[in-house]
Structures are given as structure tokens and as C-alpha cells.
Amino acid sequence: ETWDMPMAYSASNFHSATGAEFAECVTTGTGGEVEIKTHPSGSLFKGADIKRAVQTGQAPIGERLLSGHQNENALFGFDSIPFLATSFDDSDKLWRAAKPSIEKLLAEQNLTLLYAVPWPPQGLYFKNEVTSVAEMKGIKFRSYNNATSRLAELTGMLPVTIEAAEISQAFATGVAEAMISSGSTGYDRKVWESLGYFYEVDAWLPRNYVFVNTEIWNGTSEASRNVIMGCAKLAEYAGNWRAKEYTGFTLQGLRDGGMNVGPASEQMTAELKEIGDTMTNEWLEAAGDEGKAIVDAFRAE
Amino acid sequence: MTVLRGLRSGLDFLYLAAGVLAALCLIAILGLIVVQMLARWTGEVFPGAPDYAGYAMAAASFLAFANALNRGSHIRVSILLNAVPEGFRRVLEIWCFGIGTAVMWYFTYYAYRFVYWSWKFNDVSQGQDRTPLWIPQSVMLFGGAVLAVALTDHLIHVIFRGDHRITRDLDDQSHAE
Amino acid sequence: MENISVIILFLFVLFTLLGSGVWVGLALMGVAWVGMELFTTRPVGDVMLTTIWSASSSWTLTALPMFIWMGEILYRTRLSEDMFKGLAPWMAPLPGGLVHTNIVGCTVFAAVSGSSAATLTTVGKMSIPELRKRNYPETMVIGTLTGAATLGLMIPPSLTLIVYGVTINESITKLFFAGILPGLVLAAMFMGYVAVYSKVGKDWNPTPEAKLSFAQKVKNSRFLAPVIALIIVVIGSMYLGIATATEAAAFGVIGSLLLALGQGSLNWKTFTDSLMGATRTSAMIALILAGAAFLSLSMGFTGLPRGLADLIAGWELTRLELLMVLLVFYIVLGCFLDGISSVVLTMAVVEPMIRQAGIDLIWFGIFIVVVVEMAQITPPIGFNLFVMQGMTHHEMSYIARAAIPMFLIMVLMVFVLIAFPELATYLPNNLRPGPA
Ligand code: NA
Ligand code: NA
């Protein structure tokens, strides 16, 4: 049986590379009983359509940035709370704490989780040097969802909505002067042409999730399911490794482009942490008891 | 006969009304673009403007499909249709309208399911507009259904009257190229 | 060889539906449906809706109705007379005389209109009767106008480039700027041909023009001011990065409404006519795009595009050979299909090939536009031929023959583009980037 696997990011992205290896592992491991064909770059379904497509069996398996669905349920945004888990290790802990809830939530939607791989940590890009939150006041800040708009509000910056495809142009023309994103975004968009500073605040590490339609999953032989789960473990491990490698690579790229890359000042870090607490509390209100359980479990570790 | 005449004018009103709504959607798109620009220049935010413009785009297209069909705006390859004798042309037109009718009723049925599931799943937009998607999608369903009705209307006409009711305006059609 | 049978099946169903006269958008949906039913076990109807909704509710697509609307408004103004009055005094002394008003008029109007047929009707409305009055050879009048009007597709704004950009997910602003230099070069080549013909053509015997002083010429140029102002607003706002393509289109709509208002040609009837015309035309394209989105998804499930790309990669064609194959392919396709349909129909298969061959997709957009321009003037299906026939009541074969030199110049243009790719890539790579 062939499983077409829609993926949202370009074939050269490390998530897509991980997915392609996973597909090959499954195809070989099951002796062709399940053959996975990846379709990167949103060539089958666009990113926003992938979850629903898998949910309804239009595609058996797919990959999606799950925090994209936080309008639907705040729980999906657990990995995108600013300054809650600010390192690969913390992000791992947070994921372990949240996994049961997310699996349960996905199960209700006819989805079975296979593996999750983080993006490089999110840092702050600025045109000029910034050493405290007070200095951010009035700076035009790229927002792309409600959380980033709220972050702008709390830091006194002016949110401007800019789609991913328009980032480099927006900075070049001064439509925006700051953003929060991973090092890879800035590297891909060559933002050093207009921005000078990247602060490694590691605000959060969003994840891509690979999930399969539960009915199709249950209809697959146990032997195949075991192989697929094994391949998923390998993919998760390899993906994590790649994410770390890629973080270093892109930050070096930003440096080579002429940007100042480094940690934020102590004062700024402390102030951002406070804003993070505010936003964590707001998220907890939206996500209810289940959300509280996740954060408590994470903090207890 | 009065029933038929009433049906006739009712249908014609439906196609026209949907077309006028579509035109209003174009004006809405213009308004949204302008407001978004103004917001950007004045440092304000208008969250979700691109999403709303996208919904208006879909609405403008689907609501206008039937009107565009009736005015001959939709492109088709008419070499064969023009080359064959009258009697065969009628058969060919029945085939074309038959295919079109089948495709659009199929579309309409699945559009109904699509909207139903969006509502059932509580599917909300992933953009900053947070719109429940069944609302804009219902407009697509409605527009698709109107086109299906229009195609059926023409099909019945070709079968019983020998010709469809499309008034072709070449000038109108060619403005897309 | 599984691929071969898939291709044959797709082509067979496609040609049957398209050839018998089923509307292009609906035919594409039909083909996609057959492909999915046969080659996948996925729920076809649900897939169809997901794709069509996603393709139809796209924000980038909104540039399309806006530019169409702008063209519809201008079509109903006095722009055509004004342009002729403003251009004629400058063109008269050139070798080739007023025939150049056809070409320069089309070039100027192309910069505010996204459509080739609208360019043709607007410019031709005035220039055909005036040129005939002055006894210019009819084949030149008809041929140059039919050919030069296709610049409407290359010089921005361009509906073809919007459709191409939306299909391959590339920046429309970049594509627009890629079209400027090749458009001007092509116009210059048309003008060169006219100049040469005026020296060697046996039937060249136009009535000489009265000489105008430089001051009078400048005075007459005031008629060009509105359209030039509009060009500056639309293209300038994109070039300076003040506006995205969509926003520039909104400027264009408002600008042309003001222009029509200033001329006194704006009333309730022209307003509603232009609006309803734009609504229908954009719906027509939207239906094709919806069908094409479903078809390309269906082909994605069969793995056909990737298979074909790999197959052709296996032949190890040089880039030039690949482009030559595509050139012939699109010319043949263009004889039977309109430009927008042939772009969206083929992109699912051609895009991976082009990427694999390492060809710049912005450059390829301009390549596609030139071949689509040719399709406008090749029989039996060529929109400019139809429109010209409607305007002049000449036989279509006469018009097509008159346009053959223009067709050959466009073929030459393809080679110019291949030899000097910077023509298309320089401006987009060096433009002051805007908000999109
Ligand atoms: Na144009
Ligand atoms: Na043609």
C-alpha cells in the first residue's frame, strides 16, 4: 500500500530530509507492505490543509507545525509559549510533559502521533542594538499570529502583520524593524542586508509533528506498525540532531553575513522572562486544567 | 405555464443576484486592500485583512460562475462545435452540458459535506482573523450550487428546445487574455 | 512503463473533454476526477473540495480581479483617442510613420492593462481608422496591431504573470519587473521591422503628414499625461516598495476611476458595466484555476509529474534542448488553447522539470509569456485573431497571415531571452524590495 505524505516545507529543509529518510526506512522495513511517498513544498496539500486532510483520510499520513492550530485549541500552542522552555533540553522536557495530552487530543481527531521534531530556537532580530525592554518601545515588530501580536504589545513594540514570504522586503523597506524567529528564517531570507542584531533568547522551540490517520493505522498489520514506530523513533532522534546542527550552522551564517549574534543582556533576559510568565499565565487561562497539568509537570522535572 | 414562467424569472433573478453579490465582493476586496494600506501607513493594525480578502475572492468567483456562464465568459474550445452540422452540434452540446452538470452537482454535494464537516469539526481559520471556516465556505457551496442549477437549466433547454440560452459576447470573453 | 499508460489516459480524457467543447475549468475537474478514481484509494470528492477551497480563497489571487477591473474602466474611457493624438506627432517623422503608433500605443497601454485583447481593442479603436485614412498598407496596420497588442501580457501588469506566479508560488512583483525590459526589447524589434518594411515594402505609400513644430508636438503630448500618471502610480508604487502587486492594482482601480471621472466618462452605466465585466472575467479565470489546482493534485497522487521530470532528466538534455522542446510544445498547444489554460494545465508537470534543470523560475515566467503571446496570434484558436476579426471583419486567415512576421519576431525574442537572460533577471534582482 502506498501512503502519500504531504509536507509543508521545501525539499531541502531538514524536516523534509528527516521525513524522506523516515519514508525510506518504512518502505524498506516493511518490505514494501507500506510504501511512503513524501510530497514536500506543500505540493500535495498546503500546510494549513494537512491536518484536516489526514484526519478525513484524504492523505493517510502527514506533517504539520501543530501550533498553527492553536486557534482551534489552545493546547496545540503549548510549545509556542514565549520564554517557558528556552533550550533544547527544556523543550524536550516540555514535550515529554505534554505528549500524553497532545496524543489524547489528536486521538479524538482520528489522528495517531508518530514523531515530533523541533525547529531551531526562536531569537529576537533587531535593526539596532537593544539592551532592555524599555528600548524596544515603538519599534515596528513583525507579528504573524495572536501570540506574536501579544508579545509586541507587552514589550511596547508596534505589531505589523507580515507573511513569511514577504519578510526580507519588509525589512529592506522599513515596514518592519524587528521580529522573533529562528536563526534559519533570517539565514534563508538574508536579513543581514537590513538587520544588525540577533539575540539568542531561545524564546521557544516549535515542533513539526508527523501523524497518521487512526483508522488507516489500525488497519495496518501489527508487524508493519512496529516497523513504522521504530522508524519514527529513529527519525525523531535524527531530526533532533539535525535541528541542533542546523542551529549552529545558521547562526554562523548570520555572523558571516555581518550580524551581531549573541545572548541578550542580563537585564533584557530577566525582563523577557517576566513577560514570558505573563504570557504563560494567559495561555494557562485559555488551555484550562489540561494546560496547567502540562506546565506543572514540566516545572516539576 | 404561469408556473414555468415564474420559475424562469425566478432562476434568472437568482443568476443575476448572485452575480451582483459577486461584484459587491470585488468592491469589498478593494476596500480591504485600501484599509489595510491605510492601517500600515498610520501604524495601526488590521489583523486578518488578507484572510478576509481571500474569503471575498472565493465568494466573488463562485457567486459569479453562473452569471459568467450565461454571458458566455467561460472559455471552451469550440472548433468542433462550430465545424459540425446542426443536428450533431445539439448532441455535442447535450454532452458538454451533461458533463458540466454532473461535475458541478458532484462538486455541490461534496461542498455540502465539506462545509458540514468544517462546522462539525469547529474548523477555525489559522490566521489572525479566527473566522469559523464554515461561514465563508458556505458562500462557495451556494455559488457552486447556483452554477449547477444554471448548467442543468441550459441542459434541459438544449434537450427540449434545441439550443442553450447562453448569449455569447466575444468582446467580454476576450478581456482575460 | 506505468507512467506511459497514466499519461495516455490523462491525455485521452483531457482531449476528449476539451476537444468536445466542455468548459476548460470543468474539463480539468473531470480529468482530475478520473485520475484520482483510477489511481488512488483516497476519497476523491473530499480531496477536490479541500484543494479547490484552498486555491480559490487565496489572498495573492486578489490582484487578478483588481487589474481586470482597472482595464475594464480604462476600456470605457477616451484614453484611446488621447493616446493617438499624443503619440502621432512623435511617430510621424520615423521611418514607418504612424504604424509605430500601433506599437508604441500598445506598449504604453500595456503598462496599465493586464490583457492583450483589451490592449488591442483600446489601441485599435482609434489607430485602425486613422491609419487607413492615411493609406498605410492594410496588412501592416492589422499585423502590427495584432502582434504588438500581445505586449499587454508581458509588460506589467499582466494577467498571465499573475496566474503563473500564483501557480508556482513566486513573487508577482518580481515577475512583473522581469517583464519590463523584454517587453521593451520586443517592442523595439517590432518597430525595427516596421522601419525596414517602410524602406523595402512595395505597397508602402502612405499620405505624408503635415509637419508640426516641436512646441506643437509637446503641446499635443498633454493628452498622454493621464495615462503616464497612471503608469507611474501603478508601476512606481511597486518599484519603490510602497505597495504589493495587489495594492498597486487597487491604486490602479482608484486611479482609473478618477481618470474616467475627470474625462466625464464615468457614470452609473460605465461603472456597473466595468464592474460586472471584471467580475465575470475574473470568475472565468478562477474556474480554470480551481480545475487546474485539482488536476495538479490528482497528478501529484499518481506521481506523474515527478516521474516525467526524472525521465526527462534521464535524457540529459542540455538546457537549450529542453527549452527548444518546450518552445515547440507550447507553440503547438497554443494553437488550440488560450494562454492561461495552457500555463495552468502544464505547470504541474513542467515546474519540476524546470527546477531540476536549474532554470530560474522568474526567467521562465517570461519565456512562458512570450510563447503564450504567440498563442494569441496563431490559428485556429487565438484571441487576438478573434478580436481583430470582430473589429475589422477581415477573414481570420488574412489576419493570421498579416501577423506571421510578428510571430517570427516573437520566436526570435525567445532566442534573445536565452542569449541574454539578464534582460528578464536584472530588474527583479535589483528592484527596491517592497512589502511583498
Ligand atoms: Na500589461
Ligand atoms: Na493560438
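**A chat about chains A, B and C**

Visitor: Let's start with chain B. How many helices and strands are there in chain B?
Guide: Chain B has six helices and zero strands. Keep in mind as we go that this is a predicted model.

Visitor: Okay, and what does the run of elements look like from the N terminus of chain B?
Guide: Reading from that end, you get α-α-α-α-α-α.

Visitor: What does the C-alpha trace of chain B span along its principal axes?
Guide: About 65 × 40 × 35 Å.

Visitor: Switching to chain A. In what order do the three strands of the open sheet come?
Guide: The order is β3-β10-β4, and the pairing is antiparallel. The edges are β3 (61-65) and β4 (111-118) of chain A, each of which pairs on one side only.

Visitor: What holds strands together in a sheet, anyway?
Guide: In general, strands pair through backbone hydrogen bonds, and they can do that in a parallel or antiparallel way.

Visitor: And how many bridges join β3(A) to β10 of chain A?
Guide: Five bridges link β3(A) with β10 (residues 207-213) of chain A, and these two run antiparallel. If you want a spot to look at, find A:G62, which sits opposite A:F211 in β10(A).

Visitor: Which helix packs on that sheet?
Guide: That's α3 (residues 88-108) of chain A, which touches β4 and β10 of chain A. The direction of α3 makes about 165° with that of β4(A).

Visitor: New topic: chain C. How do the axes of α17 and α22 of chain C cross?
Guide: The axes of α17 (residues 319-336) and α22 (residues 404-419) of chain C come within 12 Å and cross at roughly 155°. Angles over 145 degrees count as roughly antiparallel, so α17(C) is roughly antiparallel to α22(C).

Visitor: Which residues make the contact?
Guide: From α17(C) you have C:L320, C:L323, C:M324, C:L327 and C:I331, and from α22(C) there are C:F407, C:V414, C:F415 and C:I418.

Visitor: Where do C:A110 and C:P157 sit?
Guide: C:A110 is in helix α6 (residues 99-110) of chain C, while C:P157 is in the loop between α9 (151-154) and α10 (159-168) of chain C. The two are 47 residues apart, so to speak linking distant parts of the chain.

Conventions
Residues numbered from 1 in each chain as written. Chains lettered and ligands numbered in written order. Predicted model: local features only at pLDDT ≥ 70, side-chain atom pairs only at ≥ 80, totals over all residues. Heavy atoms only, no water. Pairing = 2+ DSSP bridges. Helix = DSSP H or I, 4+ residues; strand = E, 2+ residues; numbered from the N terminus. Contact = heavy atoms within 4.5 Å. Axes fitted to C-alpha atoms, helices over the stretch in contact; angles between N-to-C directions. Parallel < 35°, antiparallel > 145°, perpendicular 65-115°, else oblique.
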